[in-house]
Amino acid sequence: MIHSIISFQDRPTCASHQNGRTLLTSMAKACPAFICRHPGWVLALGLAVSLTSVAQRASGPEASSSESDTPIPLGVLQAPVAVIAPRAASAQNFALTFDDGPHPVHTPALLDWLKQNRIRATFFVLGQNAERYPDLVKRMVQEGHEVGNHSWSHPNLRVMSPKKMLAEVRRAHDLITRITGRAPVLFRPPYGALSASQRRLIEKEFRYQVVLWTVDTQDWKLRNATQVAAVLESGTRGGSIVLAHDIHDRILPALEQMLPAWRLRHLNPMPLSAP
Ligand SMILES: [Zn+2]
């Protein structure tokens, strides 16, 4: 699992990562981290601690060139609000998260399936896609899903100046707020790449909780839904945060394959934060 998490940057097939192709080398050592203070997510936090220690060891000169660029230390994020819903505290609950959408074809199909199975999820949308498909973002909220910010255009924020980085985040933040009528409270940086100082700045400006993941479905890389389902099968447990993308056709059949097994194991997908 650790390997799958720290290798997430290598995703050349992801359409929304097209600008990231040239960034892959410099980003390859970027270290993911996520914080979740709610006791129900202790497992996820524990996994992330393990992940970060490994990622720190794997960090190259780019990632450790200054203190502000060191990986985000886990356990120090002071969440401004308790965004993890009490209902998600159960050890049997986990979060399905979908990045990079909305997509005009795959997102509606996924929303249909989620609705049909009474599953709520978290969508980390890109501002530029939300601008093109605002009705899909509205639909997400109307159907009980959570919408988080994934930046406007999916850049590597880690190499941007504070001003440009904030502009990227704010543009998406303002649009999501306009479309949904509520300000997002969750942020997932593209590629999971964010320095500690950047994270502090984003938290201060937007009162976000930064969320990464514990299970990477690799749906951007694996060509076949059965392979994606196998990753889900072996990786998902109570407290997991599953990273998937609603811009690919593989995730939905993988979820369809997986759902009976999750039900059998009494694992319940939940939004990361929900009323
Ligand atoms: Zn992304």
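## Strand β7 and its partners

In strand β7, Leu243 is the bridge partner of Asp216. The chain passes from β6 through helix α9 (residues 225-235) to β7, and this β-α-β crossover is right-handed; that term applies if, with the strands pointing away from the viewer, the path from the first strand over the helix to the second runs clockwise. The structure is a predicted model, in which local features need pLDDT of at least 70 and side-chain atom pairs count only at pLDDT 80 or more, whereas totals for chains, interfaces and linings use all residues. Residues are numbered from 1 along each chain as its sequence is written. Helices (H or I, at least four residues) and strands (E, at least two) are DSSP runs, numbered from the N terminus.

Two strands are said to pair if DSSP finds at least two bridges between them. Strand β6 (residues 215-216) pairs with β7 in the parallel sense over 2 bridges. Strand β1 (residues 93-99) also pairs with β7 in the parallel sense, over 5 bridges, and Ala95 stands opposite Ile241 of β7.

## Burial of β7

A residue is termed buried if 20 or more other C-beta atoms lie within 10 Å of its own, exposed if 12 or fewer, and partly exposed in between, with C-beta atoms placed from the backbone. Strand β7 (residues 241-245) has 5 of its 5 residues buried, so it is largely enclosed by the rest of the structure. In a regular strand the side chains alternate between the two faces of the sheet. In β7, Ile241, Leu243 and His245 point one way and Val242 and Ala244 the other way, and all are buried.

Most residues other than glycine have a negative phi, and most peptide bonds are trans. The loop between β1 and α4 contains Asp100 and Pro102. Asp100, although not a glycine, has a positive phi of about 80°. Asp100 counts as buried because 25 other C-beta atoms lie within 10 Å. The peptide bond from Gly101 to Pro102 is cis, with omega near 0°.

Gln218, in the loop between β6 and α9, is not a glycine either and has a positive phi of about 55°. Gln218 counts as partly exposed, with 19 C-beta neighbours inside 10 Å.

## Helix α4

The buried residues of helix α4 (residues 106-116) are Thr107, Leu110, Leu111 and Leu114. Seen down the axis of α4, these buried residues fall within an arc of 100°, so they line one face of the helix; the arc is that of the directions from the helix axis to the C-beta atoms. What covers them includes β1, α6 (134-142) and α10 (251-264). On the other side of α4, Asp112 and Gln116 are exposed. Just after the helix, Arg118 takes a positive phi of about 55°.

Trp113 also belongs to helix α4 and counts as partly exposed, with 16 C-beta neighbours inside 10 Å. Two residues are in contact if their C-beta atoms, placed from the backbone, lie within 7 Å. Not counting residues up to four places away in sequence, Trp113 touches Leu252 and Leu255. The C-alpha atoms of Trp113 and Glu256 are separated by 8.4 Å, although these residues are 143 residues apart along the chain.

In soluble globular proteins, nonpolar side chains tend to be buried together. A nonpolar core is here a set of buried Ala, Val, Leu, Ile, Met, Phe, Trp, Tyr and Cys residues joined through C-beta atoms within 7 Å. The largest such core has 55 residues, of which Val125, Val137, Ile176, Val242 and Ala254 touch the most other members. Helix α7 (residues 162-180) supplies the largest share of this core, 6 residues. Leaving aside neighbours within four places in sequence, the contacts of Val137 include Pro102, Val125, Ile176 and Ile179.

Leu166 lies in helix α7 and counts as partly exposed, with 18 C-beta neighbours inside 10 Å. Beyond its neighbours within four places in sequence, Leu166 is in contact with Leu201 and Glu205. Leu166 and Gln198 are 32 residues apart in sequence and 8.9 Å apart in space, C-alpha to C-alpha.

## Confidence of the model

The predictor's confidence in each residue is given as pLDDT, from 0 to 100. The chain averages a pLDDT of 74, and 66% of the residues score at least 70. Over residues 1-88 pLDDT stays under 50, and the model has 153 contacts beyond four places in sequence for these residues. Where pLDDT is low, the predicted coordinates should not be read in detail.
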